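This report looks at an aromatic pair, a cavity and a hairpin. Please have the sequence and the model at hand.

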Amino acid sequence: MKSSSMNTHMGNISIDNEVIAQYAGTVASECFGIVGMAGINVRDGVFRLLKKDSMTRGINVTLTQDHKLVIDFHVIVSYGVNIPAVADNLIDSVRYKVEEFTGLEIEKINIYVEGVKVID
């Protein structure tokens, strides 16, 4: 089980990385310009939009030696948006909300734009 843990005056707190990824995915899906997370078929190298219940497959959470989080997002954005502005908004929102939720500091957030989708 991959998890992030911290010691407090009351004991040890362990948070599974899947929980952090699920929360970060929920925060990301609320950001303007983000259509959803992207899943990749490794064999074919093809990306596809993931459904809400499996969006954590487009997010990778790791804990560094310094007990800081590194979060990788594979996202699909809306057609016509300013990608750097969407990425900055995503980074700011995720950093604030995940740090508040977990109590762990985020060292780095990497965003990989895997596709563009036209929204009707």
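## Aromatic pair

Tyrosine 23 is partly exposed, at 27% relative accessible area. Phenylalanine 101 is also partly exposed, with a relative accessibility of 42%. Both values come from a predicted model.

The structure holds 1 aromatic pair. Tyrosine 23 and phenylalanine 101 make up this pair. Distant parts of the chain are linked here. Tyrosine 23 belongs to helix 1 (residues 17-29) and phenylalanine 101 to helix 2. The two residues are 78 residues apart.

## Cavity

Helix 2 (83-102) also takes part in a cavity lining. The count is 1 cavity of 30 Å³ or more. The largest cavity has a volume of about 30 Å³.

Which residues line the largest cavity? They are Ile34, Val75, Val77, Ile83, Val86, Ala87, Leu90, Ile111 and Val113. By class, the lining has 9 nonpolar residues, no polar and no charged. Helix 2 gives the largest share, with 4 residues. Strand 6 and strand 7 (106-117) each supply at least two.

## Hairpin

Strand 6 (residues 69-78) also pairs with strand 5 (residues 59-63). The pairing is antiparallel and runs over 5 bridges. Isoleucine 59 stands opposite phenylalanine 73 of strand 6.

Strand 5 and strand 6 form a hairpin, with 5 residues between them. Histidine 67 sits in the turn and has a positive phi of about 60°.

Note on methods
Residues are numbered from 1 along each chain as its sequence is written. This is a predicted model: local features need pLDDT of at least 70, side-chain atom pairs count only at pLDDT 80 or more; totals for chains, interfaces and linings use all residues. Side-chain values use heavy atoms; hydrogens and water are left out. Two strands pair if DSSP finds at least two bridges between them. On a 1 Å grid over the protein atoms alone, a cavity is a set of points where a 1.4 Å probe fits but cannot get out, and a pocket is an open set with protein on both sides within 12 Å along at least five of seven lines; lining residues have an atom within 4 Å of a point. Grid points are joined across faces, edges and corners, and a volume is the space filled by probe spheres set on the points. Ala, Val, Leu, Ile, Met, Phe, Trp, Tyr, Cys and Pro count as nonpolar, Asp, Glu, Lys and Arg as charged, and the others, Gly among them, as polar. Rings of Phe, Tyr and Trp (its six-membered ring) pair if their centres lie within 6.5 Å; planes under 30 degrees apart count as stacked, over 60 as edge-to-face and the rest as tilted. Buried means under 20% relative accessible area, exposed over 50%, partly exposed in between (1.4 Å probe, protein chains only).
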